[in-house]
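The sequence and structure are shown first, and the description follows.

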Amino acid sequence: MLLEDQPFIALDIEMLLGEYGHDHVTFSTCADAKDWLNDNTPSTAIVDPRLSDGLCAEVVRILVERGTPFIVYSGEAESLPEIEPAFAEGEQLSKPCEPEFLVAAVARALKDRPGQV
């Protein structure tokens, strides 16, 4: 699962995931991601914590409750756990980063959980 509201960033990540054979779903709002999570659980998630409709705290809490590994992909990753402790459960990756760093983070998250991102 990819949460990203910047179209060009989302497209870059989607292409990168596709190159490595990862299926994924992309959401640009927290509300859409929460709706999808009502009936689905991803193998992992890449989360931009601030989308157009606010902070994705509820989404991240759902991921933590389900034991779903996730990557916090943000320029403000260090301050997020102060706002919502659940963000501390994810791997912190500063935005922007080299594509190989993001691919490696996804590989670590999927190590024991192959399937849909």
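## Helix packing and salt bridges

Helices α2 and α3 are roughly parallel to each other, because their packing angle of about 30° falls under the limit of 35 degrees. The model is a predicted one. Helix α2 spans residues 30-37 and helix α3 residues 57-66, and their axes lie 9 Å apart. On the α2 side the contact is made by Cys30, Ala33, Lys34 and Leu37, and on the α3 side by Glu58, Val59, Ile62 and Arg66. Sorted by class, this contact comprises five nonpolar and three charged residues, with no polar ones.

Turning to the charged pairs, the model contains five salt bridges.

| Salt bridge | Distance, N to O |
|---|---|
| Lysine 95 with glutamate 4 | 2.8 Å |
| Lysine 95 with aspartate 48 | 2.8 Å |
| Arginine 108 with glutamate 91 | 2.4 Å |

Lysine 95 takes part in a salt bridge with glutamate 4 and in another with aspartate 48. The pair with glutamate 4 links distant parts of the chain: lysine 95 sits in the loop between β7 (91-94) and α5 (99-110), whereas glutamate 4 belongs to the loop between β1 (2-3) and α1 (7-19), at a separation of 91 residues. Aspartate 48 is located in the loop between β3 (45-47) and β4 (50-51), so its pairing with lysine 95 ties together parts that are 47 residues apart in sequence.

How do the partners differ in burial? Lysine 95 is partly exposed, its relative accessible area being 21%. Glutamate 4, by contrast, is buried, with a relative accessibility of 2%. Aspartate 48 is also buried, at 9% relative accessible area. The cut-off that separates these cases is 20%, and buried means a value under it.

Through shared partners, salt bridges join Glu4, Asp48 and Lys95 into one network.

Definitions and conventions. Residues numbered from 1 in each chain as written. Predicted model: local features only at pLDDT ≥ 70, side-chain atom pairs only at ≥ 80, totals over all residues. Heavy atoms only, no water. Axes fitted to C-alpha atoms, helices over the stretch in contact; angles between N-to-C directions. Helix = DSSP H or I, 4+ residues; strand = E, 2+ residues; numbered from the N terminus. Parallel < 35°, antiparallel > 145°, perpendicular 65-115°, else oblique. Contact = heavy atoms within 4.5 Å. Nonpolar A, V, L, I, M, F, W, Y, C, P; charged D, E, K, R; others polar. Salt bridge = Lys/Arg side-chain N within 4 Å of Asp/Glu carboxyl O. Buried < 20%, exposed > 50% of the residue type's maximum accessible area, 1.4 Å probe, protein only.
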